[in-house]
Amino acid sequence: MRTRTLTTLSLMAIACLPLAGCPQRIQIPAEFSLAGGLGTFEVQAGVLKQNRGTGALGDTQVNIGSGTLRIDPAKITIAPVNTGGGKGTVNLQAGGALVVSASIASVDQLDTVCESGEKYGPFNVALDVNNQPVSVDPSSVTLSQNTIDLINGGTFSLCIEVTSPIDGTVTIDALSFSLGL
């Protein structure tokens, strides 16, 4: 079991100015670190891999009212496996898409979060000809009220699922949240 905490809950709020004609909303950007193994996957092409752990918002007393989740392609690295072919050549399928999903449930559902948690995604991560992430579709997803309640309650369980088009190691450094007050 791995435990994570939102590492960058920035109180540098981004507010919409009333003079600009939009309602006052404060959005807090936050990154949830997947370091320590939660975001590292040894993958085989087309085979689903899962990691699960627990996380918390941290010591903040902020009451979140809404939020979104996104995966930044710059936070993903893929190290392909050398599949042979002699003289150090690498036989790989170029391009394709890495598929990533996240599920969130109560902390007592850690053993079943991958199956029974609130699922977000799939996020399709487009890869270039060198198998490096270039974009993610959808760019973000809206968190349900149940997930907002879990974040407000403190600790929750998390499952990250990855399906890669190639063999290798996929590392996702963090999940990005935008939390509304």
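User: Leaving aside neighbours within four places in sequence, which residues is S103 in contact with?

Analyst: The model is a predicted one. In it, S103 is in contact with V113, C114, G117, E118, K119, S157, L158 and C159, its neighbours within four places in sequence being left aside. S103 itself lies in strand β8, residues 96–106.

User: Why is S103 called buried?

Analyst: The relative accessibility of S103 is 1%. Buried means under 20%, so S103 counts as buried.

User: How do you know that C114 and C159 form a disulfide?

Analyst: The sulfur atoms of C114 and C159 are 2.1 Å apart. The cut-off for a disulfide is a pair of cysteine sulfur atoms within 2.5 Å, so the pair C114 and C159 qualifies. A search of the whole structure finds one disulfide. The pair links distant parts of the chain, with C114 in helix α1 (residues 113–116) and C159 in strand β12, 45 residues apart.

User: What is the handedness of the link of C114 and C159, and are the two cysteines buried or exposed?

Analyst: The link is right-handed, with 100° about the S-S bond. Both C114 and C159 are buried.

User: What makes the aromatic pair of F32 and F156 tilted?

Analyst: A search of the whole structure finds one aromatic pair. The rings of F32 and F156 are 5.9 Å apart, centre to centre, with 35° between the planes. Pairing requires centres within 6.5 Å, so the two rings count as a pair.

User: Where in the chain do F32 and F156 lie?

Analyst: F32 is in strand β3 (residues 26–33) and F156 is in strand β12 (residues 156–163). The pair links distant parts of the chain, 124 residues apart.

User: Why are F32 and F156 called buried?

Analyst: F32 has a relative accessible area of 1%, and F156 has one of 3%. Buried means under 20%, so the term applies to F32 and to F156.

User: How do you know that N51 is buried, and what does its side chain reach?

Analyst: N51, found in strand β5 (residues 49–56), has a relative accessibility of 14%. The limit is under 20%, so N51 counts as buried. Its side chain reaches the backbone oxygen of T40 at 2.9 Å.

Definitions and conventions. Residues are numbered from 1 along each chain as its sequence is written. This is a predicted model: local features need pLDDT of at least 70, side-chain atom pairs count only at pLDDT 80 or more; totals for chains, interfaces and linings use all residues. Side-chain values use heavy atoms; hydrogens and water are left out. Rings of Phe, Tyr and Trp (its six-membered ring) pair if their centres lie within 6.5 Å; planes under 30 degrees apart count as stacked, over 60 as edge-to-face and the rest as tilted. Helices (H or I, at least four residues) and strands (E, at least two) are DSSP runs, numbered from the N terminus. Buried means under 20% relative accessible area, exposed over 50%, partly exposed in between (1.4 Å probe, protein chains only). A polar contact is a pair of N or O atoms within 3.5 Å; within protein, one must be able to donate a hydrogen and the other to accept it, and residues adjacent in sequence count only if both atoms are side-chain atoms. Contact means heavy atoms within 4.5 Å.
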